[in-house]
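Subject: Structure handover and notes

Dear colleague,

I am handing over the structure we discussed, with the sequence alongside. Please read the notes below with the coordinates open.

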Amino acid sequence: MPGKLRQFFERVKRLKIGLDVGSTTLKCVVLDEDETIAYQEYERHFSRITEKATGMLFRIAQRFPKDPRMQIAVSGSAGMGLAQNLGLTFVQEVYATRVAVNRLLPGTDVVIELGGEDAKILFLEGGLEVRMNGSCAGGTGAFIDQMATLLGIAPDQMNELAKDYEKIYTIASRCGVFAKSDIQPLLNQGARKNDVSASIFAAVVNQTIAGLAQGRAIEGKVVYLGGPLTFLSQLRAAFDRTLNLCGICPENSLYYVALGAAMSPGAKRIPSPRRRILPKARSILESTPALLR
């Protein structure tokens, strides 16, 4: 009995770590035995994935020095290489998103997720169907950043300006070059930045719906995930207006891929990450040329 009790408590006290390596940002969560978030972190990696991920793992080890038993999984569009290098389980991001949404937001019909350089729609009703953008970053966070730069403001300022819009202009969002050719003449003619900002968000919505949904109805319980939809309330409002509904941007919407990775049953169990993972991560970092970190 003492041996079985010890095994039980070791199992209960195991922490779950999910690491989401996106195209522009890095997110991690640590879940306790009740799958409550005990720690979370978000930062841009500026393509220094190995360096930033190693730093996150070190900070987790420092935060939980007395919790050596953990299970870890990596997900995200840029996470497969890191998972392979560290010998960790890789969870495909669509699967991770579905795991988290089904667990935390049961009954969801559609997920719209915009990232730094990717966009996707998950239709969950009647089986999973996924629509993703290709190699073009039009209509994503990178596109919004580019348009904000053209306006000479930050994305959050663009969001504030869009709250006071009066009209919507037609702007191409498939390509930043075409969008610039639409926006610059408007600015030269004295168009209000409020209207241009709202028009940029409307263009992102049109690109997502026309390019990804391709005629399939987006209805029912709709959830918004990803950085742009988390930080930009007027982008969410533009989706709501176009879809004629009120979408949900849940708490911790930035972390759903990381949450799904942590919750996935295939996550690798590590008896002592401090001894097993961190030395390997440090070795990889030290052997990687500075420009490739």
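Predicted model: local features only at pLDDT ≥ 70, side-chain atom pairs only at ≥ 80, totals over all residues.

Residues are numbered from 1 along each chain as its sequence is written, and side-chain values use heavy atoms, with hydrogens and water left out.

Helices (H or I, at least four residues) and strands (E, at least two) are DSSP runs numbered from the N terminus, and two strands are said to pair if DSSP finds at least two bridges between them. On that basis, there is an open sheet of four strands in the order β8-β7-β6-β9, with mixed pairing. Its edge strands, each pairing on one side only, are β8 (129-132) and β9 (222-225). Strand β7 (residues 119-123) is antiparallel to β8 over four bridges, and Ile-121 has Arg-131 in β8 as its bridge partner.

Helix α8 (residues 193-213) packs on this sheet and touches β6 (110-114), β7 and β8, with a direction at about 55° to that of β7; here contact means heavy atoms within 4.5 Å, and axes are lines fitted to C-alpha atoms, for helices over the stretch in contact, with angles from 0 to 180 degrees between N-to-C directions. Because 16 of its 21 residues are buried, α8 is largely enclosed by the rest of the structure, where buried means under 20% relative accessible area (1.4 Å probe, protein chains only). After α8 comes Gln-214, with a positive phi near 50°.

A nonpolar core is a set of buried Ala, Val, Leu, Ile, Met, Phe, Trp, Tyr and Cys residues joined through side-chain atoms within 4.5 Å. The largest has 39 residues, and Ile-112, Ile-200, Ile-218, Leu-235 and Phe-239 have the most contacts inside it. The element that gives the most to this core is α8, with nine residues. Apart from this core lies another, of 21 residues, among them Ile-17, Ile-60, Met-70 and Leu-88.

Finally, Gln-71 lies in strand β4 (residues 70-75) and is buried, with a relative accessible area of 10%. The side chain of Gln-71 reaches the backbone oxygen of Ala-262 at 3.5 Å.

Best regards

Terms used: Buried < 20%, exposed > 50% of the residue type's maximum accessible area, 1.4 Å probe, protein only. Polar contact = N/O pair within 3.5 Å; in protein donor to acceptor, adjacent residues only side chain to side chain.
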